[in-house]
Amino acid sequence: MTTLLQFDFGFDGPWGADLEAACRDLAADISAQPGLIWKLWGENRDTRRSGGVYLFETPQAADAYVAKHTPRLAAFGVADPGLSRFTLNLPLSRATRAPL
């Protein structure tokens, strides 16, 4: 069962290219996460929020990532990130051009 996760949290930067440079190693680590299909990185300078949307092959893979990433966020000073989980409706997602 394909699982979608969304983390979001307050963030004071860096933004854009500076965030890319600062998170290059983190991105490489995330890309090696078992069961990860893809991740989208999001940032909003106006609201000072950041986050990511992740697609995992299984709920178990998503749970393993949450167990790994939540303490990592805490180490960055993010104490209580927003977290949402969804099971995807694949037929409807494909009908609206989801890259699945």
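Which backbone oxygen does the side chain of Thr3 reach?

## Thr3 and its surroundings

This is a predicted model, so keep that in mind as you read on. The side chain of Thr3 goes to the backbone oxygen of Met1, at 3.3 Å. Thr3 itself belongs to strand S1, which covers residues 3-10.

Is Thr3 buried or exposed? With a relative accessible area of 6%, Thr3 counts as buried, because the cut-off for that label is under 20%. If you skip the neighbours within four places in sequence, Thr3 is in contact with Tyr54, Leu55, Phe56, Thr58, Pro59, Ala62 and Phe86.

## Aromatic pairs

Now for the rings. A pair of aromatic rings gets described by two things, the distance of the centres and the angle of the planes. How many aromatic pairs does the model have? The count is seven. Take Phe9 and Phe11: their ring centres are 6.3 Å apart and the planes meet at 80°, so this pair is edge-to-face, an angle over 60 degrees being what that label asks for. Phe9 and Phe11 are both buried.

Phe11 also pairs with Trp15, again edge-to-face, with 5.1 Å centre to centre and 90° between the planes. Trp15 is buried, as is Phe11.

## A cluster and a charge over a ring

Which residues make up one aromatic cluster? They are Phe7, Tyr54, Phe56 and Tyr65. Two of these names, Tyr54 and Phe56, also turn up among the contacts of Thr3.

There's a lysine to look at too: Lys39 has its charged end over the ring of Trp41, 3.3 Å from the ring centre.

Notes: Residues are numbered from 1 along each chain as its sequence is written. This is a predicted model: local features need pLDDT of at least 70, side-chain atom pairs count only at pLDDT 80 or more; totals for chains, interfaces and linings use all residues. Side-chain values use heavy atoms; hydrogens and water are left out. Helices (H or I, at least four residues) and strands (E, at least two) are DSSP runs, numbered from the N terminus. Buried means under 20% relative accessible area, exposed over 50%, partly exposed in between (1.4 Å probe, protein chains only). A polar contact is a pair of N or O atoms within 3.5 Å; within protein, one must be able to donate a hydrogen and the other to accept it, and residues adjacent in sequence count only if both atoms are side-chain atoms. Contact means heavy atoms within 4.5 Å. Rings of Phe, Tyr and Trp (its six-membered ring) pair if their centres lie within 6.5 Å; planes under 30 degrees apart count as stacked, over 60 as edge-to-face and the rest as tilted. A charge sits over a ring if NZ of Lys or CZ of Arg is within 6 Å of the ring centre and within 35 degrees of the ring normal.
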